[in-house]
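I opened the model today to look up a few local features. My notes follow.

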Amino acid sequence: MQQLLNPFAQKYPEAVDSTLSSQGVSILFNPYGPFAGHYLAVGGSDGIVEIWDVETRGIVRLLEGHVKAVGGLSWSRNNRYLLSSSLDSTVIIWDLSILTHPHLQPRTPASSSDSPSSSTSRLHTIRFNAPVSTAVFHPRNSKIILATLTCGEVILVDLRDGSRTVLEDVVEDEDDQGQDDTDRRKKSIMASAVFSPCGSRIYVGTANGMLLIIDPVSKFVRQRVKLATSAIRQLRFDASGHNIITSASDRALRILSVDPLTASLTPLHRFQDLVNRTPWHAIGFSGDGEYVMGGAGHKMAHNVFIWDRESTVLIKVLEGPKEPLIDCDWHPTRPVIASIATSGDVHIWQTSSPDNWAAFAPGFEELEENIEYDEREDEFDIEDETDLARRKNLEEDLLIDVLTQPIDTYPLPPKPIIHLPAQYLAPTVSDEIRLEGEGHVKTLMGVMQWADRDPDEDDWEGFYMSLDLNEELGEDEENGLN
C-alpha cells in the first residue's frame with residue numbers, strides 16, 4: 001500500500017527552495033515553544049532587524065534601533081523578546097508582544113489591559129564601551145544577558161539590579177598561587193561565550209584555545225580544557241545540551257560530549273576540510289542533534305557541509321550561488337537551513353520532493369497500461385443511512401481543542417538537574433562520589449534559584465489568540481484611530 005509522502009522524512013536539505021531579499025549579516029530561527037521555527041530573525045548590515053514568517057516568506061516585523069551592522073541575535077525562551085547586538089556598541093531588547101499600533105494588542109496573559117500602550121517594541125538599550133560581536137539571553141530569564149565584545153571581554157549583565165561583571169579566568173582559590181599567575185589569567189582574551197541550554201553554566205572560548213566553564217553566580221572558573229592552539233571563535237550547543245561544537249582559528253570543528261551534572265567534557269570527533277583548508281563562518285546542529293552543520297567561508301562559493309555526528313561521515317555539501325557565505329542556521333524541527341550571502345540575501349534550503357501521484361491516496365497505484373478492474377464484493381454496497389447518521393452525530397459531539405498543543409510536540413529548553421541521578425544512588429558507588437554528586441546538584445539548584453529570582457514576563461507558552469479586528473471600538477478608541 002502506498003503511504004503519503006512525508007516531505008520531512010529526509011533529515012537534511014538538498015537545494016535552495018527560495019531566496020529572501022534582504023541585507024542580512026546574521027540569522028537565527030526561534031528555537032523553542034509552540035512556534036519554534038516559525039520565525040526567522042535577520043540582522044542587517046544597515047542596523048535594521050527583520051523578522052520573517054518562514055511559511056509565507058513575508059516580513060512580519062521591522063525593528064529599527066541600531067546604526068551599524070547587527071552581528072548577533074538571541075530569542076527568549078517563549079519568543080516574546082528578541083535581543084540584537086551591533087557593532088555600534090549597543091544591545092537592544094525588543095518586546096515583540098507590542099504591536100506597532102496601540103489598538104492591536106494580542107489578548108494573552110503576556111499583555112495586560114491595564115498597562116499603558118506603547119507604539120515601540122524597544123524595551124531596553126544597553127550600551128558598552130566597545131563594539132559587541134554577540135550577545136545572548138539567559139535561557140531562564142531574559143533579564144540576564146551575556147555579551148561578548150570585540151575587544152576580548154565577556155560581560156554578564158543583570159538588568160534586575162543593574163550590575164555588570166567582566167568575566168575573568170580566575171579560580172576561586174587561585175589567589176594563593178601568586179600574583180603573577182593571577183594577573184596572567186585575568187588578561188586572557190575571550191573570543192566567544194554562550195550559556196548552556198539549561199542556563200546552569202557559562203562556556204567561554206579564549207584566544208589561546210582554552211575552553212572555560214564558569215559558574216554564573218560566583219563568576220569563578222570551574223573547569224579549564226585546552227582544545228586548540230588558536231582562538232575559539234564560535235560555540236554552539238545542540239538542543240539537548242549534551243553536545244557542544246567549537247570552531248577555532250585552526251579551521252577545525254570539534255565536538256565534545258558534556259555531562260549535564262559535572263560539566264565534564266569528553267572529546268568525540270573532529271571535522272576539517274583537509275583539501276581546501278576551509279574556514280568556517282557558522283556552525284551548528286540539526287534540530288534532533290543527529291547532524292553537524294558547517295558554513296564554509298569560501299571566497300567564491302556558497303557551501304554548507306553536513307556530517308553525521310556519530311559516524312563523522314560527510315553526508316552532503318550544499319552548493320549555492322557563487323558568492324561567499326556569512327552565516328547560517330538550522331531549523332529547530334525541520335530539515336531546513338537558512339543561509340546568508342555577502343549580498344545580504346537569505347537562502348532557504350529544503351528537501352526536494354518529486355511528484356509521486358501514487359502517494360495521494362492509500363491503495364492508489366500508477367498503471368503503465370489499462371487493465372481490467374475486479375470489483376470487491378462489498379466495495380459499492382449501500383451503507384445503512386441510520387448507522388451513517390448516528391456516526392456523524394457522534395463525530396459532531398467530539399470536542400476538538402485547537403489552541404492547546406501537547407508539550408512533547410514542540411522543543412523546550414532542557415531543565416537543570418535538581419535531583420541526584422540514579423547512577424549515583426547505586427550501592428556500588430562510594431560515599432565520596434555520592435557526596436560530590438550532591439554538591440553538583442546543590443550548585444545547579446543555586447544557579448536555577450538565582451536565575452528565577454525576579455523573573456521576566458515571558459511566561460506565556462500557549463498560542464496567541466487571534467485579534468478580532470471587527471470588534472466595535474469605544475468612542476475614545478475611535479477618536480484615537482481618527
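I checked residues 63-97 and got 0% helix and 57% strand, with the end C-alpha atoms 13 Å apart. Strands here are DSSP runs of E, at least two residues, and helices are runs of H or I, at least four, numbered from the N terminus. This is a predicted model: local features need pLDDT of at least 70, side-chain atom pairs count only at pLDDT 80 or more, and totals for chains, interfaces and linings use all residues. Residues are numbered from 1 along each chain as its sequence is written, and side-chain values use heavy atoms, leaving out hydrogens and water.

I then took residues 37-62: 0% helix, 65% strand, end C-alpha atoms 18 Å apart.

Next, phi angles. Most residues other than glycine have a negative phi. S89 is not a glycine, yet I read a positive phi of about 70 degrees. S89 lies in the loop between β7 (81-86) and β8 (90-95). Is S89 buried or exposed? S89 is buried, at 15% relative accessible area (buried is under 20%, exposed over 50%, partly exposed in between; 1.4 Å probe, protein chains only).

R57 also has a positive phi, about 60 degrees. I found R57 in the loop between β4 (48-53) and β5 (58-64). R57 counts as partly exposed, at 24% relative accessibility.

Last, I looked up R277. R277 sits in the loop between β21 (265-271) and β22 (280-285). Its relative accessible area is 38%, so R277 is partly exposed.
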